[in-house]
Amino acid sequence: MRIPEAVERAVADEVAGLGKRRRETFALRLERWWPDLLAGVAAVHDDPEAVALRLVTVAARGYADRPRDLQRLDERRLLRPDWVQQPGMVGYACYAERFSPDGTLAGVAERLDHLRDLGVTYLHLMPLLRPREGDNDGGYAVADYRSVRPDLGTVDDLRDLATTLREHGISLVVDLVLNHVAREHAWAAAARAGDAAYRDYFHVFADRTLPDAFERTLPEVFPDFAPGSFTHDDELDGWVWTTFNSWQWDLNWANPSVLVEMADVVCFLANLGVEVLRLDAIAFLWKRLGTDCQNQPEVHALTQALRAVARIAAPAVQFKAEAIVGPRDLVPYLGTGAHTGRVSDLAYHNSLMVQVWSMLATGETRLARHALAALPPTPPAGTWITYLRCHDDIGWAIDDADAAAVGVTGPGHRHFLAEWYAGLHPGSWAEGLVFQHNPETGDRRTSGTAASLAGLGASRRDPEHAVARLLLAHAIVAGWGGVPVVWSGDELALPNDPDWAAEAGHEDDNRWTHRPRVTATDLAAAHDPGTDAERVRSGLVHLMGVRAGLPQLHAAAATTVLTDTDDGVLAVVRRDPSGSFVGLYNVTGRSCPFPLARLHELGLARPWEALGGHRLVTGPDGVLLLPPYAAWWVVDAPPGA
Ligand code: GLC
């Protein structure tokens, strides 16, 4: 495809100061990514060439400013484009101030040993750009994308930390909050001051006519503490779209200037050394009357345009979609149809997370087998973030059709899970909290740490099985393929924080119960044999170590879930040219069968259980018995074993 002359002229100015080699590299990247950029923009904006020209100018500036060490990183990543898919990838996510011993970004580096023991190669630090003062949704109400929260440090500290992490083989992951800004952000302030150009950065309505029309089909994200999706602002003299809290103003992505501004922020963060951008709440970017205003096709077109900019300026950078949506809407975030290979590199496997907790509560795999087998295939370059817990609540995203297929109802099963994990159901071992009960829909979500949800809460309802249950859950997550991300504190089996409401601004939001501080005492307990912390942490260290040596856990290997197993067993098959992998998981407290012959059929001539390091043998009936809560990673026996 020919690049328009106007574009060539504009970029020539931007890169004029660079040497010949760098100018040539830029020209090659532009040639490679221009078609993606233009197609992305054309799906959304009139006059796509003019908008694409503005974006290419931003990309050229970002390219020209790219520091030397990051240019080298670009080279390195281009030589191994599947770096993020390697079985040795392990993620960790935390709030810097709750993990770092002195609460600063610089202090995070003092906990490198802890991260390295777990094998961490990817560190997601929760929002750290300057938010509004007071309540700010854990930093998700950004007031300035170009400065760091003052208590955490400075932009220089962020750059230094990224450099230190990189030197230790850890990629820094940072949030890019692109659906909304704080009411205090300069764009919102200008809009409030009456600047028409900035008013158009937001969705502002003079009266309730359109808000009412939209709200007929809009679900509520925070029905409890932020009901409705619009907020009246006196200074604006109108209603502004606020999907989340009243002080988080949704950006108007139909305005090309918003896209151009965000592209510039992408380049800024990339050039500080951020390697993965977590595209926060990306499902919500595009609004369409009569819909739930999530997962609209324009979201993917916009992502494609932004990604093309990032690929031109800083190809080391990967995009991670934070789209916590139903299973049917999930895969497009990794690229399907015309967007295959052109949108996010990574996306959260929310369905897997929900199904893991569902299997543990029911001791049954039928629903999970059906739902996970029904997911469309992921594109080979698309990589799941697999996880058991994160900083957010768990929304019980059980699809009604999946539930019906196994003879239960969606609402009924969601009700059961919410009850079970709040510890309200007879026999439940869990001690979670109900988050955002919506009396209109009956919907309830769940807060709680993995330990508290698995039976190691304050009342220790089931300490006997809880550790086994946790390690089983972590094994399913780590054995899926993709990047397993451990939520801070879960590796130490930390229970819910009972004092979560004590901090100003947190009192209404019980997600803070599962965002514990990691203290020196907690870390010491992890080395004290026999403690919950030690058992869980050493189990995780072992899982991640074995994982790194299994090529079948490269994210590109195809995953299949067997649908015809015993109802207590989940069997996950991964096929790779290097051989097959079968993950066998018993989600019950009793022994469950799996026929050995099945492993042979799946291509495993001499089945070897990689986590235990031994051959699998059966009795005369040819059936393997998985002990309660067993997790087996079965591959072909290594030579000589
Ligand atoms: C994402 C974040 C969540 C936040 C919301 C609004 O879903 O994970 O914590 O409340 O976006 O930014």
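**A colleague's note on salt bridges and domains**

1. The count of salt bridges here comes to 44. Please keep in mind that this is a predicted model.

2. Let's start with a local pair. Asp-156 and Arg-159 form a salt bridge, with 2.6 Å between the closest N and O atoms. Both sit in helix α8 (residues 155-167), and because they are three residues apart, about one helical turn separates them. Asp-156 is partly exposed at 46% relative accessibility, and Arg-159 is partly exposed at 33%.

3. Next comes a salt bridge between Asp-250 and Lys-287, whose closest N and O atoms are 2.6 Å apart. Asp-250 belongs to strand β10 (residues 248-250), while Lys-287 is in the loop between β11 (276-280) and α13 (297-313), so the pair ties together parts 37 residues apart in sequence. Both Asp-250 and Lys-287 are buried.

4. Do look at Arg-511 and Asp-392 too, where the side chains meet in a salt bridge of 2.8 Å, N to O. This pair links distant parts of the chain, 119 residues apart: Arg-511 is in the loop between β17 (483-487) and α21 (520-525), and Asp-392 is in the loop between β14 (383-387) and α17 (400-405). Arg-511 counts as buried at 4% relative accessibility, as does Asp-392 at 15%. Through shared partners, salt bridges join Asp-137, Asp-392, Asp-509, Arg-511 and Arg-515 into one network.

5. Finally, the domains: the protein is divided into domain 1 (5-78), domain 2 (186-250) and domain 3 (556-636). Between the C-alpha centres of domain 2 and domain 3 there are 52 Å.

Note on methods. Residues numbered from 1 in each chain as written. Predicted model: local features only at pLDDT ≥ 70, side-chain atom pairs only at ≥ 80, totals over all residues. Heavy atoms only, no water. Domains from an automatic or database assignment. Salt bridge = Lys/Arg side-chain N within 4 Å of Asp/Glu carboxyl O. Helix = DSSP H or I, 4+ residues; strand = E, 2+ residues; numbered from the N terminus. Buried < 20%, exposed > 50% of the residue type's maximum accessible area, 1.4 Å probe, protein only.
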